[in-house]
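Open the model in your viewer and keep the sequence panel beside it. This tour moves from one selection to the next.

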Amino acid sequence: MSTVQISASDVNKLRQQTGAGMMDCKKALTETNGDFEAAIDFLRKKGAKVAASRQDRESNEGVVISRTSADGKRGVIIELNCETDFVAKNAEFVAFANEIANIAVEANPKSIEELYALNIDVENTSVKIGDAIIDKTGKIGEKIGVSKYEVIEDDKVVAYIHGNFRLGVLVGLSKNVEGADEAGKDVAMQIAAMNPVAIDKDGVDASVIERELEIAKDVIRAEGKPEAMVEKIAAGKLNKFYKDSTLLNQEFVKDSSKSVSQFLDTVDKGLTVTAFKRVALGA
């Protein structure tokens, strides 16, 4: 065992050179008496340096995990990426993603950077999630990382995973009432299938509205309609856009005689969606 004192700056320097985790770098320097070249060789033999050599690789495969807290008032979605479908389907990789999501929903980090700084248990040792990801990269041999992290906090939050971990949805409801879980799941399935741009028309970005109006006007003019009618017809087309593309105004997929808003009213008068997040793998 080395008697050389390993400083935090030495560990950080080795990490910058190799991309390996802090704990791995500290161990490598300790095992090699602070010799940087020998420490790099030590890491390479352990596979940790793979992380640095794979930073330019595409990692568009992976899994999307959505999860809610025990009290149902907070939900998170994470997308953990890898390079191949083979790894994405690996039970250990999916379990790792689930564990990160569990930690996120309990600790409530505000960003991916804060998420990476949280601790996770790896083989009975507590390490930073960021370091655990680098270690997984070395062991698996593929670039791995969390690319998306979304959070909703509300009176009632429902989580849904669609398509073998390829799409995750969170729905925030205005109140926690009887039937909220089932209703929330139905709305989440609607979001997964129909991909609305906003909750209602008030939530549509002004640039989107402008684009839709301009497209509508160009189409109307191309059809030879009188200029005096263009604005009125375009307004009608915009209303159709709101009906098709905003969640509460969409036809409810399980009962087309109702809008999503009307469906929620049947569950409990005034029940509505206050927020939603939809994360599709690689999108």
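**Stop one: two asparagines in loops**

Select Asn124, found in the loop between β3 (119-122) and β4 (125-128). Helices here are DSSP runs of H or I with at least four residues, strands are E runs of at least two, and both are numbered from the N terminus. The model is predicted: local features need pLDDT of at least 70, side-chain atom pairs count only at pLDDT 80 or more, and totals for chains, interfaces and linings use all residues. Residues are numbered from 1 along each chain as its sequence is written, and side-chain values use heavy atoms, with hydrogens and water left out.

Check the backbone of Asn124: phi is near 65 degrees, a positive value in a residue other than glycine. Most residues other than glycine have a negative phi. Asn124 counts as exposed because its relative accessibility is 75%. The classes are buried (under 20% relative accessible area), exposed (over 50%) and partly exposed (in between), with a 1.4 Å probe and protein chains only.

Next, go to Asn195, in the loop between α9 (180-194) and α10 (206-222). Asn195 is not a glycine, yet has a positive phi of about 50 degrees. With a relative accessible area of 43%, Asn195 is partly exposed.

**Stop two: the annotated range**

The chain over residues 75-282 is 47% helix and 26% strand. The end C-alpha atoms of this range are 21 Å apart.

**Stop three: helix α6**

Select residues 91-107, helix α6. Its 17 residues should span 24 Å at 1.5 Å a residue, and the end C-alpha atoms are 24 Å apart, which agrees. The expected span is 1.5 Å times one less than the number of residues. Show the side chains. Buried residues of α6 include Phe93, Phe96, Ile100 and Ile103.

Now look at the start of α6. A side-chain oxygen of Asn90 comes within 2.8 Å of the backbone nitrogen of Glu92. After α6 comes Asn108, with a positive phi near 55 degrees.

Which residues of strand β2 (residues 74-82) are buried? Nine of the nine are, so β2 is largely enclosed by the rest of the structure. In a regular strand the side chains alternate between the two faces of the sheet. On one side of β2, Arg74, Val76, Ile78, Leu80 and Cys82 are buried. On the other, Gly75, Ile77, Glu79 and Asn81 are buried.

β1 and β2 pair in the antiparallel sense over eight bridges; strands pair if DSSP finds at least two bridges between them. Gly62 stands opposite Asn81. The two strands form a hairpin with five residues between them, and Gly72 in the turn has a positive phi of about 70 degrees.

**Last stop: a three-strand sheet**

Select β6, β7 and β10. They form an open sheet in the order β6-β7-β10, with antiparallel pairing. β6 (156-162) and β10 (273-280) stand at the edges, each with a single partner strand, so one side of each has no neighbour in the sheet. β7 (residues 167-173) and β10 pair over seven bridges. Finish at Leu170: its bridge partner in β10 is Lys277.

How values were computed:
A polar contact is a pair of N or O atoms within 3.5 Å; within protein, one must be able to donate a hydrogen and the other to accept it, and residues adjacent in sequence count only if both atoms are side-chain atoms.
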